[in-house]
Amino acid sequence: MGHLTPFLRLAASLVHQKCRVTVLTIHPSVSHAESQLISRFFSAFPQVTQKHFPLLPVDPSTAKSDDPFWLQREAIRRSAYLLSPLLSSFSPPLSALIYDKFLVSPLIPISTSLSLPGYIFFTSSARMCSLFASLSTTVADKISSGSYHLSDHLEIPVIPPIPVSSIPPLFLNPNSIFATIFKEDSREVLKSNGILINTFEMLEQDSLDALNDGRVRKGLPPVYAIGPLEPCEFENGERGSPLKWLNDQPAGSVVYVSFGSRTARSMEQIREIGHGLVRSGCRFLWVVKTKEVDRDEEEDLHEVLGHELMQKIQGKGLVVKHWVDQSEILGHKAVGGFLSHSGWNSSMEAAYHGVRMLAWPQHGDQKINAEVVEMSGLGLWVRSWGWGQEVVVKGEEIGEKIKEMMESESSSLLRVQAARVGEEARKAVGVCGNSETTLKELIQEWNDID
Ligand code: UDP
Ligand code: UDP
């Protein structure tokens with residue numbers, strides 16, 4: 001969902017700018033959430049053409065992972081060479097091809113051979129993009145040869161420098177397929193026509209400048225900040241209990257807790273979070289997730305939380321174990337804070353709604369995103385909590401930090417800063433804002449090619 005949602009929001013923006021849009025989709029999707037979002041999108045935008053892209057099967061042993069999302073990603077990468085005839089069959093012909101950051105090496109040769117301008121849509125932060133763009137250089141060799149210590153910083157000209165302890169742990173394992181693919185894609189990135197990022201200038205000015213003036217990597221194509229991509233009406237499913245419950249809560253009083261669409265927490269950690277929320281004394285709306293893929297969720301909330309914790313929670317907050325409309329929740333006036341894994345979409349949604357965050361990165365790009373959240377004043381990050389699986393953080397500590405975000409003296413400063421980030425975010429995508437203008441200029445370039 002962290003890739004699909006921003007892609008569909010981008011497609012919606014392009015439609016609003018009068019572009020003719022085709023979306024290539026994969027069937028079946030891994031999660032329910034994906035298939036429902038795809039069908040809601042096409043119902044809302046009948047003018048968008050849907051093309052189905054059939055995938056070759058992948059043998060999990062050759063993909064070196066049993067993560068279903070990763071296997072799907074591998075299947076797409078390995079099938080991508082079949083796209084050529086499909087892409088060249090369009091009438092009128094395509095003006096541009098926009099593809100995910102994990103499809104760089106498979107799609108560059110195709111867009112080149114079809115003389116089709118190809119753009120990477122990088123669905124993470126500009127700071128993470130700087131790391132990605134640097135990975136084909138000596139930095140990557142140093143990472144894979146183990147020359148860095150966790151306390152070192154990378155020699156990449158982003159401010160402040162990226163600590164080695166923040167980079168995705170899989171990068172530090174030179175044998176991981178993840179590290180190999182990232183390095184390969186990083187080498188090819190110079191051959192694309194541009195990189196689109198769901199960010200905005202005020203939030204990531206330094207990283208965007210370093211990317212665009214050649215400091216991160218000489219010869220990098222233009223980087224376009226087009227965010228925050230605005231949440232759309234089609235994303236809203238059935239409006240269920242969370243919104244009804246929020247309507248009865250005082251303004252700014254609720255902390256919303258979610259770790260994204262594919263991060264399951266251990267039973268032990270889930271119960272500590274529950275105790276922490278109760279201890280914080282704040283009202284809360286908490287989305288519990290015990291399985292990476294929503295289709296695999298079996299236990300009900302009572303089984304997961306246990307009788308004692310269920311009792312303690314009564315009257316203090318709402319706990320759910322299903323998909324919620326996160327952007328609607330973050331936009332609700334009752335929500336004052338967000339305990340999040342700092343997935344990039346979640347961070348951008350918090351920025352868009354001006355909601356302060358407590359970042360608790362779990363894996364992948366999330367520590368680098370947490371740095372952006374912290375630097376911009378949008379939120380706090382407790383470094384000692386480490387990566388998701390590293391330690392079990394105790395409820396007492398979680399409760400204290402939530403209180404600090406929601407109620408301490410410094411929390412009002414945080415609230416003001418987050419509100420300011422929210423104002424800038426709206427300005428960026430509003431009429432004549434930087435991101436809106438950037439997208440319009442890009443569309444104009446495509447029109448000029450035609
Ligand atoms: N999301 C949602 N409801 C949920 C869980 C997630 O709407 O119950 C959305 C969230 O708003 C965001 C996306 O799923 O748009 C998650 O993307 P993110 O990059 O934050 O994290 P990921 O799921 O990729 O780890
Ligand atoms: N992964 C894996 N084995 C590998 C490499 C990656 O299982 O060798 C999975 C793992 O679940 C990891 C994900 O792929 O978390 C990559 O996700 P990340 O959050 O870094 O990228 P994103 O989805 O945000 O682009």
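Which glycine just after α10 takes a positive phi? In this predicted model, that residue is glycine 214, with phi at about 85 degrees.

Figure 1. Helix α10 runs through residues 201-212 and spans only 12 Å between its end C-alpha atoms. A straight helix of twelve residues, at 1.5 Å a residue, would span 16 Å.

**Figure 2. The buried residues of α10 share one side of the helix.** Leu203, Glu204, Ser207, Leu208, Ala210 and Leu211 are the ones to find here, and they are buried. They lie on the same side of α10 because the arc they cover around the axis is only 160 degrees. Their packing partners include two strands, β5 (194-197) and β6 (223-225). The helices α7 (126-134), α16 (344-353), α17 (366-376) and α19 (409-429) also pack against the buried residues of α10.

**Figure 3. Leucine 131 sits in the largest nonpolar core.** This core has 52 residues, and Leu131, Leu154, Ile167 and Ile195 have the most contacts inside it. Helix α7 gives the most to the core, with six residues. Zoom in on leucine 131 and, leaving aside neighbours within four places in sequence, you will find it in contact with Leu154, Ile156, Ile162, Ile167, Pro168, Phe171 and Ile368. Another core, of 30 residues, lies apart from this one, and among its members are Leu318, Trp344, Val372 and Ala418. As a general note, nonpolar side chains tend to be buried together in soluble globular proteins.

**Figure 4. The second largest pocket is lined in part by α1 and α20.** Its volume is about 230 Å³. Of the 14 residues in the lining, Ser13, Gln17, Glu230, Val429 and Leu439 lie nearest the centre. The elements that give two or more residues to this lining are α1 (4-16) and α20 (434-449). Helix α1 provides the largest share, four residues.

Figure 5. Strand β3 covers residues 97-100 and holds isoleucine 98. Isoleucine 98 and phenylalanine 7 are 91 residues apart along the chain, and 9.1 Å separates their C-alpha atoms. Not counting residues up to four places away in sequence, isoleucine 98 touches Phe7, Leu10, Leu14, Tyr119, Phe121, Leu196 and Trp446.

Figure 6. Helix α4 (residues 68-79) contains serine 79. With a relative accessible area of 0%, under the 20% cut-off, serine 79 counts as buried. Beyond residues up to four places away in sequence, serine 79 touches Phe53, Pro54, Leu55 and Leu56.

Figure 7. From isoleucine 159 to proline 160 the peptide bond is cis, with omega near -15 degrees. Proline 160 belongs to the loop between α8 (138-144) and α9 (177-188). Glycine 227 and proline 228 are also joined by a cis peptide bond, here with omega of about -5 degrees. You can find proline 228 in the loop between β6 and α11 (241-247).

**Figure 8. Lysine 18 and serine 342 take positive phi values without being glycine.** Lysine 18 has phi near 70 degrees and lies in the loop between α1 and β1 (22-25). Serine 342 has phi of about 55 degrees and lies in the loop between β10 (335-340) and α16. Lysine 18 is exposed, at 76% relative accessibility, whereas serine 342 is buried, at 0%.

Methods:
Residues numbered from 1 in each chain as written. Chains lettered and ligands numbered in written order. Predicted model: local features only at pLDDT ≥ 70, side-chain atom pairs only at ≥ 80, totals over all residues. Heavy atoms only, no water. Expected span 1.5 Å × (residues − 1). Buried < 20%, exposed > 50% of the residue type's maximum accessible area, 1.4 Å probe, protein only. Arc of directions from axis to C-beta. Contact = heavy atoms within 4.5 Å. Core = buried A, V, L, I, M, F, W, Y, C linked by side-chain atoms within 4.5 Å. 1 Å grid on protein atoms, 1.4 Å probe; cavity = no way out; pocket = protein on both sides within 12 Å on 5 of 7 lines; lining within 4 Å. Points joined across faces, edges and corners; volume = space filled by probe spheres on them.
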